[in-house]
Amino acid sequence: MKMIGFAVRGRKLVKVRKPLPRLRPGWALIRVRLAEICNTDVEILRGYHAFRGTPGHEFVGEVVEVGGVSAAARKRWVGKRVAGEINVRCVAYGFRPLCAFCKRGLITHCERRTVLGIVAHDGAFAEYLALPVENLHFVPNSVSDEKAVFIEPLAAACQILDQIDIRRFPSAAVLGDGKLAQLVAMVLKAAGLRVVLYGKHASKLALARDAGVATKRVRGDASDLARVKDNFRLVVEATGSPTGLALAQRMTEPRGTLLLKSTFHGAAPVETWPIVVKEITVVGSRCGPFAKAIALLRSSKVDPTPLISRTFALKDAPQAIAHAQKRGVMKVLLRNN
Ligand SMILES: [Zn+2]
Ligand SMILES: [Zn+2]
């Protein structure tokens with residue numbers, strides 16, 4: 001049986017007909033219901049990770065088959081709506097012994113991991129994808145597909161809660177007004193912090209204010225360094241651009257914490273002396289806890305759906321990814337009908 005998917009060729013997304021993924025024992029075949037275009041997908045088209053497969057790592061889908069498990073385990077999964085963690089560890093490929101990081105429980109840092117739609121693993125811009133069931137999380141009935149498709153990026157925002165003792169921080173600055181920045185601001189606000197989001201797009205700042213987050217407009221260039229005098233004990237850099245990093249350092253108080261969320265392709269020309277002089281703790285932050293994200297959606301403490309700009313049919317994925325790069329556009333979804 002063949003399916004439709006999209007793959008990276010050069011700097012373009014092209015339609016391909018390919019066989020359904022073959023299932024290893026303990027892996028599930030998932031029919032994608034809704035997928036989301038992330039900045040990482042745009043970066044992949046620009047050469048990030050030199051990935052040539054099917055991109056797409058933010059999705060909600062339905063399990064249609066599970067390989068090599070008991071009838072009871074199969075029944076538990078088939079027909080269920082799921083979201084999936086994107087890092088697939090060595091043990092899921094049958095590698096023995098476990099790598100040093102998996103032994104320590106650092107699965108998302110597995111030395112031999114593949115990453116859905118990013119590293120050596122075909123992703124969600126297709127009718128079907130495959131993931132180990134250990135990566136899957138049930139989506140509660142009360143959480144719509146439009147909300148569930150945000151579970152992966154919302155979990156990445158929730159990673160902050162697992163990395164620092166959030167109770168030490170009464171307030172936080174979030175730099176950036178893009179999708180991840182908005183989700184980070186929502187998560188920190190739900191955790192009880194006073195949050196100020198700094199961005200350069202009036203329409204995106206308005207979205208943040210609608211979610212109850214205070215905002216300040218900046219220019220997004222070096223002139224901000226002279227103009228922005230605010231200081232915070234906690235600053236989250238999520239601008240997706242190298243220039244945000246210098247301002248983020250400037251805005252972090254002495255002995256404060258600077259959390260880095262941007263994964264742009266390329267180098268950031270930035271002076272690092274403020275980190276030393278102010279004794280700033282710099283924390284890199286990537287994938288996060290799905291359970292926390294699902295709980296936030298279920299409780300309606302966070303509603304990311306206002307971030308959806310437009311939904312395209314899967315067959316129009318190339319137009320959708322072009323649209324996602326237009327000015328002012330937030331989340332673009334792909335629906336697999
Ligand atoms: Zn993403
Ligand atoms: Zn491993």
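**An aromatic cluster and a zinc site**

Trp27, Tyr93 and Phe95 form one aromatic cluster. Before I go on, this is a predicted model: local features need pLDDT of at least 70, side-chain atom pairs count only at pLDDT 80 or more, and totals for chains, interfaces and linings use all residues. Residues are numbered from 1 along each chain as its sequence is written, ligands are numbered from 1 in the order in which they are written, and side-chain values use heavy atoms, without hydrogens and water.

Now, the rings. Searching the whole structure gives 4 aromatic pairs. Rings of Phe, Tyr and Trp (its six-membered ring) pair if their centres lie within 6.5 Å; planes under 30 degrees apart are stacked, over 60 edge-to-face, the rest tilted. Take Trp27 and Tyr93: centres 5.3 Å apart, planes at 65 degrees, so this pair is edge-to-face. Next, Tyr93 and Phe95: centres 6.2 Å apart, planes at 35 degrees, so that pair is tilted.

Buried or exposed? Buried means under 20% relative accessible area, exposed over 50%, partly exposed in between (1.4 Å probe, protein chains only). Trp27, at 5% relative accessibility, counts as buried. Phe95, at 28%, counts as partly exposed.

Now the metal. Which residues coordinate the zinc ion (ligand 1)? Cys38 (SG), His57 (NE2) and Glu58 (OE) do, at 2.1 to 2.3 Å. Donors here are N, O and S atoms within 2.8 Å of the metal (3.2 Å for Na, K and Ca); water is not among the atoms, so sites may look incomplete. Along the chain, the donors follow the spacing C-x18-H-E. His57 and Glu58 are both buried.
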